[in-house]
Amino acid sequence: MVAQRKGASRVSEDPEELARVSLQAVLLADSFTTKFHPITLERPKVLLPLVNVPMINYTLSWLESAGVEEVFVFCCANSKQVIDYLENSEWVSLPDFAVTTIESHNSVSAGDALRLIYERNVIHGDFVLITGDTISNMSLRRALQEHKERKKKDSNAVMTMVVKRSKPSPITHQSRLGTDELFMAIDPNTKQLVYYEDKADNSKGIIHLDKSLLMDNPSMSLRNDMQDCYIDICSPEVLSLFTDNFDYQHLRRHFVKGLLLDDIMGYKIYTHEICSSYAARIDNYRSYDTVSKDIIQRWTYPLVPDVKFFGNSAYKLERQGMYRASEILQARSAQVGPFTVIGDNSKIGGNTKITNSIIGQGCSIGSNVTIEGSYIWDNVTIEDGCKLSHAIVCDGVIIKSGAELEPGVILSFKVIVGDQFVVPSYSKVSLFQQPTNQDSDEELEYADNSSGIVEFAGTTDKSSSAQSKSLEMQGWPASELGNGGIGYVWSICEGSVEEEWRHSVAPIPSNKLEKALQAADDELELTQDSNVLPTSGELKSDSNFSDGDDNEDSRDDSIHFEKEVEATFLRAVHENIKVDNVILEVNSLRLSYNKVAADCAGAIFYSLMKFAYDSLHGSSSELLQNTTNIITKWKKLLKYYLADMDEEIEVILKFEEMCLESAKEFTPHFTKILCHLYDQEIIQEDAILRWDDEKKEADDSDKLFVKQAEKFIEWLRVASEEEEEEE
């Protein structure tokens with residue numbers, strides 16, 4: 001029987017069935033990536049705090065809740081820290097959940113790790129392969145059952161990959177997690193994976209498929225809207241395949257692609273798509289930011305701050321997604337905004353404003369400080385008058401009075417930022433000097449300093465006096481880091497500037513989006529003028545197409561488009577994103593889903609109204625007031641997509657639909673809200689009169705709101721006729 005922790009919530013709703021499953025897991029504790037340098041030079045990635053909880057606790061909590069009974073944690077770089085943490089945690093004391101560490105100082109890749117696991121002979125059946133930076137709340141039952149049933153029918157079915165729908169941005173060609181656009185070809189009937197490419201030539205907007213792939217697979221769905229969750233259910237043969245093929249280093253780039261191209265052994269990989277569940281891997285700083293926000297917004301439930309699980313403190317959930325620990329000191333004049341977490345024993349001074357940020361334990365924040373979209377870890381001191389925007393600040397950092405962190409800044413452990421010093425955007429500051437030689441993530445998916453991959457310019461004396469004397473990076477001597485500043489500012493490598501803003505916790509700058517959007521428009525025109533294979537959709541012979549399937553796909557796309565626009569709008573509300581940047585994001589969705597301006601107008605209006613509807617209101621009059629206020633505030637966004645009468649009529653029709661179906665509380669206020677849209681010059685009188693004319697031949701049941709607005713429409717007609725007579 002799998003242990004059930006006090007206060008924890010099990011992911012599966014069928015614990016008896018889980019109890020019959022004897023399942024092992026291999027957890028790779030090494031991130032094996034340089035994308036989190038300089039932080040991971042001092043602490044392994046799996047121990048970095050994610051909403052004030054070490055990442056590995058989310059992974060282990062999910063595995064335990066999902067029915068896994070034995071986990072082998074593979075450690076390489078900084079292995080002592082991982083082993084010490086686990087040995088001193090509650091994980092080793094659970095009666096029916098065994099956590100065993102396997103240590104190696106010579107492994108530099110996932111392939112090396114799995115070869116060592118095979119040599120140890122500890123895996124005796126199907127197992128879950130996962131990295132310690134993966135967060136999920138999915139049930140394994142269905143995926144495991146599908147894997148076992150396929151294995152019975154076909155012994156070559158050795159692996160099942162968990163995937164989730166996530167449409168990439170056509171502007172940046174990356175997912176919301178900051179990863180490259182992924183292309184998969186999947187047999188729609190069997191779910192077999194037949195093609196996998198995460199390094200497509202996006203600059204030309206095309207991918208290349210071998211003719212034999214099309215010949216061998218009469219029906220396959222080519223997808224660019226799938227996210228690889230990096231959760232794999234594997235048969236024991238997977239380990240032996242790594243042992244037999246020493247050139248397999250990367251899990252995806254070598255192993256998966258190798259099996260797909262191998263037509264001799266015939267091994268097969270299948271996919272399992274999750275829909276309502278959550279799964280994501282933290283691969284870079286942008287995914288760190290995205291997953292943190294998802295946790296705060298409760299997409300990962302029950303792995304959320306106010307539900308007790310291993311490694312987290314008790315938080316109280318308040319209005320608008322604000323979480324507070326029990327022991328904090330906050331000045332009355334301090335403002336803590338929505339979607340913010342405040343850790344134990346932290347102090348917040350007067351007139352300080354904190355929004356969309358996470359504050360760790362034992363932090364001291366002075367007066368007149370502004371913190372927006374940032375991650376402040378434990379025991380950080382921020383003195384008066386500082387300004388932080390979309391930054392990560394590690395344990396023990398001191399930011400002296402008047403200092404400023406521009407978007408994308410990373411301050412590693414115990415760095416000191418001097419008085420009034422402004423740290424430029426995307427800077428990385430560490431007590432370590434910048435490595436003089438390191439393999440890129442392109443060359444090695446898994447690399448770390450203790451593996452001999454990274455070389456340093458010299459040894460680092462961590463005393464303050466020694467650091468300040470020798471500090472000189474990017475041409476900035478110690479005195480220019482501010483009064484008393486301590487730390488090395490890493491220079492951005494040539495050719496890596498674009499990667500910095502793509503993978504940063506900071507929002508992508510509007511000028512970058514505009515440039516990328518123009519390139520996407522040019523690419524779209526080029527694609528339409530040439531016979532290029534579309535990057536997504538199902539490839540079939542002509543006889544397999546049917547109008548019904550096309551209509552169903554169109555409806556699904558419209559639903560997904562509307563949801564994505566709503567998510568974009570809510571993010572803009574909660575993160576104070578400028579309207580111009582929201583327009584850029586909606587335009588990227590319009591391109592991605594092949595929608596027109598009327599679709600955008602309808603989706604944005606729906607998002608505004610739903611936000612008003614979901615906002616706290618005690619009476620019908622309060623709902624009306626909320627709605628008019630929100631429309632007024634966001635009218636620039638809505639008006640952008642109302643270039644002509646058709647778009648305006650689409651908004652009215654969308655409003656009718658909401659009143660009849662999803663938000664009937666708006667029904668008595670239809671006319672008042674329509675008048676407000678007219679007063680704000682969002683909907684013109686010609687559109688309202690045309691809407692009325694089009695309803696004249698309709699059934700009475702379809703004239704409900706025309707009749708309700710009859711007096712207002714008549715007033716508009718009279719006013720319009722008077723204007724025509726005057727002319």
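How far is the sulfur of Cys75 from the closest cysteine sulfur, and in which residue does that sulfur lie? The distance is 9.0 Å, and the partner atom belongs to Cys76. That gap is too far for a bond. The model behind this briefing is predicted. Its protein chain has 727 residues, and 55% of them count as buried.

**Overall make-up**

- The protein chain holds 22 helices and 40 strands.

**Cysteines**

- A disulfide is a covalent bond between the sulfur atoms of two cysteines.
- Searching the whole structure turns up 0 disulfides.
- Cys76 is in no disulfide, and its nearest cysteine sulfur, that of Cys75, is 9.0 Å away.
- A disulfide needs sulfur atoms within 2.5 Å, so the 9.0 Å between Cys75 and Cys76 is too far for a bond.
- Cys75 counts as buried, because its relative accessibility is 1%.
- Cys76 counts as buried too, at 2% relative accessibility.

**Helices H18 and H20**

- Two packed helices are described by the angle between their axes and the distance between the axes.
- Helix H18 covers residues 645-660, and helix H20 covers residues 685-694.
- Their axes come within 9 Å and cross at roughly 60 degrees.
- H18 is therefore oblique to H20.
- The crossing of H18 with H20 is right-handed.
- On the H18 side, the contact is made by Met645, Glu648, Ile649, Ile652, Leu653 and Glu656.
- On the H20 side, the contact is made by Asp686, Ala687, Ile688, Arg690, Trp691 and Glu694.
- Sorted by class, this contact of H18 with H20 has 7 nonpolar residues, 5 charged residues and no polar ones.

**Helices H16 and H19**

- Helix H16 spans residues 620-633, and helix H19 spans residues 670-679.
- Their axes come within 11 Å, with a crossing angle of roughly 20 degrees.
- Angles under 35 degrees count as roughly parallel, so H16 is roughly parallel to H19.
- H16 and H19 make a right-handed crossing.
- H16 brings Leu624, Thr627, Thr628, Ile631 and Thr632 to the contact.
- These residues meet Lys672, Ile673, His676 and Leu677 in H19.
- By class, the contact of H16 with H19 has 4 nonpolar, 4 polar and 1 charged residues.

**Ser620**

- Ser620 is found in helix H16.
- Ser620 has a relative accessible area of 35%, so this residue is partly exposed.
- Ser620 and Glu665 are 45 residues apart in sequence.
- In space, Ser620 and Glu665 are 7.5 Å apart, C-alpha to C-alpha.

**Arg252**

- Arg252 has its place in helix H8, which runs over residues 251-261.
- Is Arg252 buried or exposed? At 1% relative accessibility, Arg252 counts as buried.
- Which residues does Arg252 touch, not counting residues up to four places away in sequence? They are Met159, Met161, Tyr196, Asp228, Tyr230, Asp232 and Lys257.

Notes:
Residues numbered from 1 in each chain as written. Predicted model: local features only at pLDDT ≥ 70, side-chain atom pairs only at ≥ 80, totals over all residues. Heavy atoms only, no water. Axes fitted to C-alpha atoms, helices over the stretch in contact; angles between N-to-C directions. Helix = DSSP H or I, 4+ residues; strand = E, 2+ residues; numbered from the N terminus. Parallel < 35°, antiparallel > 145°, perpendicular 65-115°, else oblique. Left-handed = near helix turned anticlockwise from the far one by under 90°. Contact = heavy atoms within 4.5 Å. Nonpolar A, V, L, I, M, F, W, Y, C, P; charged D, E, K, R; others polar. Buried < 20%, exposed > 50% of the residue type's maximum accessible area, 1.4 Å probe, protein only.
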